[in-house]
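This report describes how two chains meet. It starts from a single residue and then turns to the interface as a whole.

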Amino acid sequence: MELDEMQALWEKMSEKMEQQKQLTDTIIMDMTQQKYTQKFSKISTYETIGAVICFISAILLLLNFEKLDTWYLAACGIFTMGYLFTLPIIVLRSLKTIRNLNISTNSYKETIVGFAKAKKQLLLIQKLGIYINFILFLAIIPVTSKLMGGKDIFVTGGSLWKYGFIAVVAIAMIFVSRWGYGCYKNITNSAETILKEIED
Amino acid sequence: MQDKATFVAIVKENEGLLYKVTRVYTDTQEDQKDLYQEIVYQLWKSFDSFKGNSKISTWMYRIALNTAIAYLNKSKKKVPQVHLEFELSHPIDENDGTTEKQLGILYAMIKQLNVIEKGLILLLLEGKSYDEIATITGFSSSNVGTRLSRIKKKLKENVKKI
């Protein structure tokens with residue numbers, strides 16, 4: 001199909017559409033109602049719930065911080081608190097950047113660039129999160145063991161089933177992280193391709 | 001009240017534009033209807049700020065294309081949806097099989113293009129000049145020309161694959 005043929009076909013379709021008006025006043029006004037668009041505001045709901053859980057956990061940890069009575073337990077506690085406070089804020093800020101892109105005033109080019117950049121930034125954070133999660137996992141075990149059971153796992157050691165559980169979770173985390181990393185890499189690559197094409 | 005009436009009239013007048021944009025950027029009729037509603041909502045939201053400095057169609061294309069980009073970036077997450085009961089118009093008579101088939105090929109060819117190219121070819125098919133395309137998309141007129149000649153080549157190659 002040549003471009004001329006495409007244009008002729010497009011024109012034919014457009015003419016037909018002119019004769020087939022389907023929308024009524026009621027349908028159009030229904031489409032403008034907030035109830036419909038609420039679905040988009042739900043997009044960050046999961047992230048917000050996650051952030052609230054993180055903040056509550058961090059506050060509980062802060063309130064019980066004096067129970068972490070050795071330097072290594074305190075170090076694990078500080079790392080865990082830092083993670084629980086910081087990462088959700090960074091993720092929510094990235095989502096806010098995406099939501100704040102101005103559809104009504106930006107040009108098509110600006111919108112594409114805005115989304116591609118915001119997506120790249122969000123994916124970078126999530127990719128970093130994969131690695132930090134491993135450290136968090138290792139740091140949170142002695143902290144919870146001390147706060148919930150009063151035991152210093154570095155001194156008392158753990159039971160066989162505890163080590164088994166840690167090994168299983170660690171292996172599962174490796175697989176999930178590898179899968180997640182692959183997905184992130186593909187999406188980041190496509191965002192980079194679009195940015196490169198815009199600059200051409 | 002007057003605003004509402006004017007808005008409804010504008011949307012009705014440009015029903016075809018909405019159909020064409022939404023069909024290019026979506027793969028299923030459900031997604032198409034979803035994007036259609038979102039575009040109408042975004043148009044309504046920015047209707048007050050539309051000062052009439054540009055043509056109505058330029059403003060509509062800009063919002064519609066930008067909303068489509070936003071939709072492509074958001075729709076990957078499954079969230080509860082509210083659907084309105086309305087049917088999208090069927091552009092060609094159902095008994096006109098040849099045209100319908102040709103249209104299917106045409107849309108399939110466009111859908112193989114990337115997101116930048118889709119917007120540009122859509123505006124070209126809509127009969128927009130390079131200057132108008134430049135105003136809507138933010139590319140310079142000469143850049144629009146260069147990109148469109150690349151897209152034409154790409155379309156020729158794509159047609160062989162279909």
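A:S107 sits in the loop that joins α5 (71–99) to α6 of chain A; helices are DSSP runs of H or I with at least four residues, numbered from the N terminus. A:S107 counts as buried because its relative accessibility is 7%, where buried means under 20% relative accessible area with a 1.4 Å probe, protein chains only. Apart from neighbours within four places in sequence, A:S107 is in contact with B:R62, B:N66, B:I136, B:T137 and B:G138, contact being heavy atoms within 4.5 Å.

This is a predicted model, in which local features need pLDDT of at least 70 and side-chain atom pairs pLDDT 80 or more, while totals for chains, interfaces and linings use all residues. Residues are numbered from 1 along each chain as its sequence is written, chains are lettered from A in the order in which they are written, and side-chain values use heavy atoms, without hydrogens and water.

The two sides contribute as follows.

| Chain | Residues in the contact |
|---|---|
| chain A | 52 residues |
| chain B | 76 residues |

About 6,100 Å² is buried between chain A and chain B, 67% of it from carbon and sulfur atoms; this is the accessible area (1.4 Å probe) that two parts lose on being put together, summed over both.

One salt bridge is found across the interface of chain A and chain B, by the rule of a Lys or Arg side-chain nitrogen within 4 Å of an Asp or Glu carboxyl oxygen. A:D25 forms a salt bridge with B:K12, with the closest N and O atoms 2.5 Å apart. On the side of chain A that touches chain B, the elements giving two or more residues include α1 (3–19) and α2 (25–31). The largest share of that side, 11 residues, comes from α1(A).

Conventions:
Buried < 20%, exposed > 50% of the residue type's maximum accessible area, 1.4 Å probe, protein only.
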